[in-house]
Amino acid sequence: MTIRLAVAGGNRGARFDQVLGGLEEQIELVSVCDPSEQIRSEWTNGRPELKAFEQFEDLVEDPGIDAVFIATPMLLHAGQALTALNAGKHVLSEVIAAATLDECHALVETVEKTGMTYMMAENYCYRREAMMVKNMADQNVFGDLTYAEGAYIHDCRDLMFNADLTRTWRANGSVAGTQGGFGSTQSSRGNGYPTHSLGPIAQWLGINRGDRLARTTTFVTKSAARQEWARSVLPEGHFDRKDAAWADFTDSATTLIETEQGRVICLRKDSASPRPHNMALHSLQGTNGAYLSGRFDGEGPLVWLDGVSEGVSPANLGYRDKARPAGVANSTRAAWQTLWDLSDRYEHPYWKQFGDEAIQAGHGGGDYFVMYDFARAVAGEIEPPIDVYDAVTWSSIFPISIENVKRNGEPLDVPDFRNR
Ligand SMILES: NC(=O)c1ccc[n+]([C@@H]2O[C@H](COP(=O)([O-])OP(=O)(O)OC[C@H]3O[C@@H](n4cnc5c(N)ncnc54)[C@H](O)[C@@H]3O)[C@@H](O)[C@H]2O)c1
């Protein structure tokens, strides 16, 4: 079965052009939708067979399309997904899937009602190390999981202004206070982009598959780096040079989540602080060992596993009279080893089979596997690995975090979208 796919939002969508080139048997790109004439013509140049739509509503009425990949500005995702599902199209949605709890509920109801396939394109779940750690967690290698951390730290201040010095959607204030644009989740006083950090963790912990996000809180810093940068690039007299222009923003947000099974997740999201990227910073703790991602690009991920890696924990070296498992009396302290030492045993089958194609398609391989699994889900071979319940559970941290901040950090329940 070849799925006839349309891409809405021609910028991020273009990153998938290379991916689609490697999945020709599964997916045929048939149309693109973007209000920008320039972007449409960049897509159709040299491809006369590709249809180009200016309006999303016209795109979804085309009977020649089976599925839509929604890669538009963030606050459009849920509304466009609902329109597409109701028009009988399968949906692959960029992150985050929804920006309000009402949108979260509407997405669940509409997917259940229409029976169409819906998947969120959380590509960080498909990075090589994330999939390998999931494989290990599924096999109980880390023991009983208790704690996880994730961070998405990406200085996006250069994406805040258009060439004419108006704000882009990324800097357009909170959901309610848009400045003539769509509004942005990335810049409001909350955790506006939780899914890159939360997605892999939720899969490791089996969230919505045995455990559940129960309650959460978020604290945010003041906004400081945004206005410093705005003052360095904007002309004298421009409104956005003032501190007041950024009063509704934050540089850094920290979210804590408690799960039903008594685990704790800590997330950081920062899209304003000046520093090198840290886009997939993760750690995982279990009763049998721990995982630690590289701290920066180029540094490899680490694990320590009891009985597999070097040494013992606790070290207990100075107390030889204390009980110690037989055979480890002269052991050394626990020492990290590289995760890739264990690839022969735990590499995810996808990466074993398609790792080279995935890497060539860019973005750490994640985009390739997102599209591959979406095609498999539409074809009925698998359930969507990031289904509508996962999509709205992970995305709901955004609207809840805004409410947490308004209530000075009061923890709030995360809705159980599966059992409403
Ligand atoms: N998963 C990832 O790693 C990743 C990476 C980058 C961006 N994204 C997500 O992709 C989305 C788009 O990001 P971007 O960087 O391309 O943003 P962008 O602002 O650069 O581009 C958005 C595009 O959408 C078009 N658009 C606006 N309204 C539209 C509509 N109604 N219908 C169709 N197209 C419309 C715009 O003309 C523009 O071409 C965002 O949600 C972003 O968070 C995800």
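Two strands are taken to pair if DSSP finds at least two bridges between them. In this predicted model, strand S9 (residues 252-259) and strand S10 (residues 264-270) run antiparallel and are joined by 7 bridges, with Ala253 standing opposite Lys269 in S10. Helix H13 (residues 397-406) packs on the sheet, where it touches S9 together with strand S8 (213-220) and S15, and the direction of H13 makes about 55 degrees with that of S8.

S9 and S10 belong to an open sheet of 9 strands with mixed pairing, whose order is S14-S13-S12-S11-S7-S10-S9-S8-S15. The edges are formed by strand S14 (337-338) and strand S15 (412-413), each of which pairs on one side only. Helix H7 (residues 195-205) lies across S9 and S10 as well as strand S7 (145-153) and strand S11 (278-286), and H7 runs at about 160 degrees to S7.

Strand S4 (residues 67-70) pairs with S5 in the parallel sense over 4 bridges, and Val68 has Val91 as its bridge partner in S5.

The chain is divided into domain 1 (3-124) and domain 2, the latter made up of two segments (126-348 + 387-413). Taken over C-alpha atoms, the centres of domain 1 and domain 2 are separated by 27 Å, and the contact between the domains takes 22 residues from domain 1 and 25 residues from domain 2.

On the side of domain 1 that touches domain 2, the elements giving two or more residues are helix H5 (101-114) and strand S6 (118-120), and H5 supplies the largest share, 5 residues. The residues of this side of domain 1 divide into 18 nonpolar, 3 polar and 1 charged.

## Helix H6 and its surroundings

Helix H6 (residues 128-138) is largely enclosed by the rest of the structure, because 9 of its 11 residues are buried. The buried residues include Arg128, Glu129 and Lys134, as well as Met131, Met132, Val133 and Met136. They pack against S7, H7, S11 and S12, and also against helix H9 (343-346) and helix H10 (349-360). H6 is followed by Asn140, which has a positive phi, near 65 degrees.

## Tyr291 in strand S12

Tyr291 is found in strand S12 (residues 289-292). A residue counts as buried if 20 or more other C-beta atoms lie within 10 Å of its own; Tyr291 has 25 other C-beta atoms within 10 Å and is therefore buried.

Leaving aside neighbours within four places in sequence, Tyr291 is in contact with Val133, Phe142, Ser283, Leu284, Pro301 and Val303, and Val133 is one of the buried residues of H6. Tyr291 and Ala148 lie 143 residues apart in sequence, yet their C-alpha atoms are 9.2 Å apart in space.

Key. Residues numbered from 1 in each chain as written. Predicted model: local features only at pLDDT ≥ 70, side-chain atom pairs only at ≥ 80, totals over all residues. Contact = placed C-beta atoms within 7 Å. Axes fitted to C-alpha atoms, helices over the stretch in contact; angles between N-to-C directions. Domains from an automatic or database assignment. Nonpolar A, V, L, I, M, F, W, Y, C, P; charged D, E, K, R; others polar. Buried ≥ 20, exposed ≤ 12 C-beta atoms within 10 Å, placed from the backbone.
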